[in-house]
Amino acid sequence: MYVGTLSFDLLLGDVHSLKEKRSVVRPIVAELQRRFAVSVAEVDDQDLHRRARIGLAAVSGDAEHLTDVLDRCERLVAGRPEVELLSVRRRFHGEDD
């Protein structure tokens, strides 16, 4: 069994309230869940209206498949025009950990 996690630090574009922030973050979270069947949530910076931290986790029996899913998730978030991806932290836990 392999477990992979991603932590995205995002800078949101023209957002001036927490309500506007939710309207940007929620569709990203929903699309990641729908397209890749991963667990994902906003995990930090909930009180800041221009910053968001999204955490994501996936489990697979195949390391190569898990790496591919994490790569595609990262590309999806990086390609969103309404956010700037400041950093991504990736962790990979294998059977030997």
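## Val77 and the fold around it

Leaving out neighbours within four places in sequence, Val77 contacts Phe8, Leu10, Ile28, Leu32, Val83 and Leu85; contact means heavy atoms within 4.5 Å. This is a predicted model: local features need pLDDT of at least 70, side-chain atom pairs count only at pLDDT 80 or more, and totals for chains, interfaces and linings use all residues. Residues are numbered from 1 along each chain as its sequence is written, and side-chain values use heavy atoms, with hydrogens and water left out.

Val77 sits in helix 2. Helices (H or I, at least four residues) and strands (E, at least two) are DSSP runs, numbered from the N terminus. Is Val77 buried or exposed? Val77 is buried, at a relative accessible area of 0%. Buried means under 20% relative accessible area, exposed over 50%, and partly exposed in between (1.4 Å probe, protein chains only). Val77 and Val3 are 74 residues apart in sequence and 20 Å apart in space, C-alpha to C-alpha.

### The helix pair

Helix 1 covers residues 18-36 and helix 2 covers residues 63-78. Their axes come within 11 Å and cross at roughly 150°. Axes are lines fitted to C-alpha atoms, for helices over the stretch in contact, and angles run from 0 to 180 degrees between N-to-C directions. Helix 1 and helix 2 are therefore roughly antiparallel. Angles under 35 degrees count as roughly parallel, over 145 as roughly antiparallel, 65 to 115 as roughly perpendicular and the rest as oblique. The crossing of helix 1 and helix 2 is right-handed, meaning that the near helix is turned clockwise from the far one by less than a right angle.

Which residues meet in this pair? Helix 1 brings Ile28, Glu31, Leu32, Arg35 and Phe36. Helix 2 brings Val69, Arg72, Cys73, Leu76 and Val77. By class, the contact of helix 1 with helix 2 has 7 nonpolar, no polar and 3 charged residues. Ala, Val, Leu, Ile, Met, Phe, Trp, Tyr, Cys and Pro count as nonpolar, Asp, Glu, Lys and Arg as charged, and the others, Gly among them, as polar.

An open sheet of 4 strands has the order 2-3-1-4, with antiparallel pairing. Strand 2 (39-44) and strand 4 (83-93) stand at the edges, each with a single partner strand, so one side of each has no neighbour in the sheet. Neighbouring strands are turned by 20° against each other on average, direction ignored. Two strands pair if DSSP finds at least two bridges between them.

| Strand pair | Bridges | One partner pair |
|---|---|---|
| Strand 1 and strand 4 | 10 bridges | Leu10 and Leu85 |
| Strand 1 and strand 3 | 10 bridges | Val3 and Val59 |
| Strand 2 and strand 3 | 5 bridges | Glu42 and Ile54 |

Thr5 has Arg91 in strand 4 as its bridge partner. Leu11 stands opposite Arg51 in strand 3. How many residues of strand 1 are buried? The count is 8 of the 11, so strand 1 is largely enclosed by the rest of the structure.

Strand 2 and strand 3 form a hairpin with 6 residues between them. Asp45, in the turn, has a positive phi of about 60°.

### Helices against strands

Helix 1 lies across strand 1, strand 2, strand 3 (51-60) and strand 4. Helix 1 runs at about 10° to strand 3. Helix 2 lies across strand 1, strand 3 and strand 4. Helix 2 runs at about 10° to strand 1.

### Two loop residues

Ala37 is in the loop between helix 1 and strand 2. Ala37 has a positive phi of about 50°, although it is not a glycine. At 69% relative accessibility, Ala37 counts as exposed.

Arg80 is in the loop between helix 2 and strand 4. At 17% relative accessibility, Arg80 counts as buried. What does Arg80 touch, not counting residues up to four places away in sequence? Arg80 touches Pro27, Ile28 and Glu31. Arg80 and Ile28 are 52 residues apart in sequence and 8.4 Å apart in space, C-alpha to C-alpha.
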